[in-house]
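The points are grouped by topic and can be read beside the structure.

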Amino acid sequence: MLTRTPIGVILAQIGTPEAPTAKAVRPYLRRFLSDRRIIDYPPLFWQPLLRGIILRARPRRSALLYNQIWQKDGSPLLLHSLDQCAGLQRLLGSRYLVELGLAYSAPSMEQAMGKLEAAGVTRMIVVPLFPQYSSTTTASVYDAASFAALGRRSASGPVTKRFVPALRFMEAYYNEPGYIWAMKEHLMQQISRLSLPPDYYVLSFHGIPRRYADTGDPYPLQCLETARLLAEAMDWETGCWQAAFQSRFGREEWIGPPTSEVLKELSGRGIRRPLIFSPGLTTDCLETLHELEIEGREHFAAGGGQPEDFAIAPCLNDNEEWLSFLAELVERNAQGWI
């Protein structure tokens, strides 16, 4: 007789190096930058450039940055993601089994799915930890989860497993009231800890090439809608906040305005106490801990601002309201299975 088994939940992230060293960063970058969801140039053009130039110099530079944000117990992204898994498991209870699956590093999507299947799980919900859909993030983890479930690397490649679990992919939640509420409560707590309230807010999202948006990626519009809804919930007046986009890579045009340029211009506009927050990243990582906090403060100071007056709010991480919303969203997606 078949018995009812728990529903598997895979919290999906892009990934992180195993150590803040060039040796560890290199294979992570190779996997990440070889994904044509991320860089869609033809392999005959891109791979020689990637392996001949980029992977010789960039791992050393990236390792220096990771060294500045690395925690005693390891990668901030991995540690925060594991805390999110544990918190979500507590909220969902025994009807669910929650695992972390990373697209380009360990624990991999295959490892996460293998653990769930070993526990008898036959139905799984994949939860991208990206509120706004992008082909460079959400679709990448969809790919990784699909291949892991199918037990193959490509349509024509060998098959490594016979049984394929049922999968449900959680859609973008950029405009969900529970997500907006969680960010509002989080920001109110962060602001209450400051000696003086901010006089301006910068909502920074990870950028994508303009070409991706022009050819159908809805990401920029979803980011702007998230920013609008959050500003409305916070009761910010027009003119005291703006959205910006960070992490430009390569020479082609990206969506903007660039966060770095916005921060450099704030002091000249009479802004003295900016607060920066990333509503597109739910887990603190290199992009927030270094690019926004360390480099962001430097950009603000380069434009004439006082670095001690620059404030950054951490990501939601294992925030209680955020995990409660995520648990409710998982249960909503499990309807018909529970």
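This is a predicted model: local features need pLDDT of at least 70, side-chain atom pairs count only at pLDDT 80 or more; totals for chains, interfaces and linings use all residues.

A residue counts as buried when its relative accessible area is under 20%, as exposed when that value is over 50%, and as partly exposed in between.

**Strand 5 and its partners**
- Strand 5, residues 200-206, is mostly covered, since six of its seven residues are buried.
- On the side of strand 6 (residues 241-246), strand 5 pairs in the parallel sense over six bridges, and H206 has Q246 as its bridge partner there.
- With strand 7 (residues 274-277), strand 5 again pairs in the parallel sense, over four bridges, among them the one that joins Y200 to P274.

**Helix 3**
- Helix 3 covers residues 76-92, and its 17 residues should span 24 Å at 1.5 Å a residue, which agrees with the 24 Å between its end C-alpha atoms.
- The buried residues of helix 3 are P76, L77, H80, S81, Q84, C85, G87, L88 and L92.
- An α-helix has 3.6 residues a turn, so residues three or four places apart point the same way.
- The cover over the buried residues of helix 3 includes strand 1 (7-13), helix 2 (43-69), strand 2 (96-102), helix 10 (286-292) and helix 12 (320-333).
- After helix 3 comes G93, which has a positive phi, near 80°.

**Helix 12**
- Within helix 12, the residues W322, L323, F325, L326, A327, L329 and V330 are buried.
- These buried residues of helix 12 pack against strand 1, helix 3, strand 2, strand 3 (123-128) and helix 6 (177-192).

**E99 in strand 2**
- E99 is placed in strand 2 and has a relative accessible area of 22%, so this residue is classed as partly exposed.
- Leaving aside neighbours within four places in sequence, E99 is in contact with V9, I10, L11, C85, A112, K115 and L116; of these, C85 is one of the buried residues of helix 3.
- Between E99 and I180 there are 81 residues in sequence and 25 Å in space, C-alpha to C-alpha.

**A nonpolar surface patch**
- F45, a residue of helix 2, forms a nonpolar patch on the surface together with L49 and I53, and their accessible area together is about 290 Å².

Technical notes
Residues are numbered from 1 along each chain as its sequence is written. Side-chain values use heavy atoms; hydrogens and water are left out. Helices (H or I, at least four residues) and strands (E, at least two) are DSSP runs, numbered from the N terminus. The expected span of a helix is 1.5 Å times one less than its number of residues. Buried means under 20% relative accessible area, exposed over 50%, partly exposed in between (1.4 Å probe, protein chains only). Contact means heavy atoms within 4.5 Å. Patches are made of residues with over 30% relative accessible area and no salt bridge: like charges are joined within 9 Å, nonpolar side chains (Val, Leu, Ile, Met, Phe, Trp, Tyr) within 5 Å. Accessible areas come from the Shrake-Rupley method with a 1.4 Å probe; for residues, only the protein chains shown count as cover. A salt bridge is a side-chain nitrogen of Lys or Arg within 4 Å of a carboxyl oxygen of Asp or Glu. Two strands pair if DSSP finds at least two bridges between them.
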